[in-house]
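Me: I'd like to go through this one with you piece by piece. Can you put it up first?

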Amino acid sequence: AQGSREDLDYTTWPATQVTLGDYALVDLRLSRRFSEDWLLRGQIRNLFDKAYETVYRYNSLGRELFVTLSYAPQS
């Protein structure tokens, strides 16, 4: 979560002060071990696809999905 804060708009001269809105993001992470050797991981970032700016006029990524399957033999 991030509260509202001040930034500068450099598209004008001189740069003008702007206020960026507040936002909160929800991320989920899950993992499941199928055996000693196999691990499945999943991650969803920005679950609700919130549009937000960390810097003025710099668009952030929307919802992201990551899936990883790992094999590590236990010898």
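**Walking through the model**

Reply: To begin at one spot, Asp37 is in contact (heavy atoms within 4.5 Å) with Ser70, Tyr71, Ala72, Pro73 and Gln74, leaving aside its neighbours within four places in sequence. This is a predicted model, in which local features need pLDDT of at least 70 and side-chain atom pairs count only at pLDDT 80 or more, while totals for chains, interfaces and linings use all residues. Residues are numbered from 1 along each chain as its sequence is written, and side-chain values use heavy atoms, with hydrogens and water left out.

Me: ok, and where does Asp37 sit, in which loop?

Reply: Asp37 lies in the loop between strand E3 (28-33) and E4, where strands (E, at least two residues) and helices (H or I, at least four) are DSSP runs numbered from the N terminus. With a relative accessible area of 24%, Asp37 is partly exposed; buried means under 20% relative accessible area, exposed over 50%, and partly exposed in between, with a 1.4 Å probe and protein chains only.

Me: how far is Asp37 from Thr19 in space?

Reply: The C-alpha atoms of Asp37 and Thr19 are 50 Å apart, and the two residues are 18 apart in sequence.

Me: what's the radius of gyration, then?

Reply: The protein has 19 Å, whereas a compact globule of 75 residues would have a value near 11 Å; the radius is taken over C-alpha atoms, and the globule rule is 2.2 Å times the number of residues to the power 0.38. Along the principal axes, the C-alpha atoms fill a box of roughly 65 × 20 × 15 Å, and buried residues make up 13% of the 75 residues.

Me: how many helices and strands?

Reply: There are zero helices and seven strands, so the order from the N terminus reads β-β-β-β-β-β-β under the DSSP definition of those elements.

Me: which strands does E4 pair with?

Reply: Taking two strands as paired if DSSP finds at least two bridges between them, E4 is joined to E3 by six bridges, and those two run antiparallel. Eight bridges join E4 to strand E7 (residues 64-71), also in an antiparallel arrangement. E3 and E4 form a hairpin with four residues between them, and on the E7 side Leu39 stands opposite Ser70.

Me: what about Gln43, buried or exposed?

Reply: Gln43 counts as buried because its relative accessibility is 15%. It is placed in strand E4 (residues 38-45), where Gln43 is the bridge partner of Arg29. Apart from neighbours within four places in sequence, Gln43 is in contact with Leu28, Arg29, Glu64, Leu65 and Phe66.

Me: and Asn46, what does that one touch?

Reply: Leaving aside neighbours within four places in sequence, Asn46 is in contact with Leu25, Val26, Asp27, Tyr52, Leu61, Gly62 and Arg63. Asn46 belongs to the loop between E4 and strand E5 (53-55), and it counts as buried because its relative accessible area is 4%.
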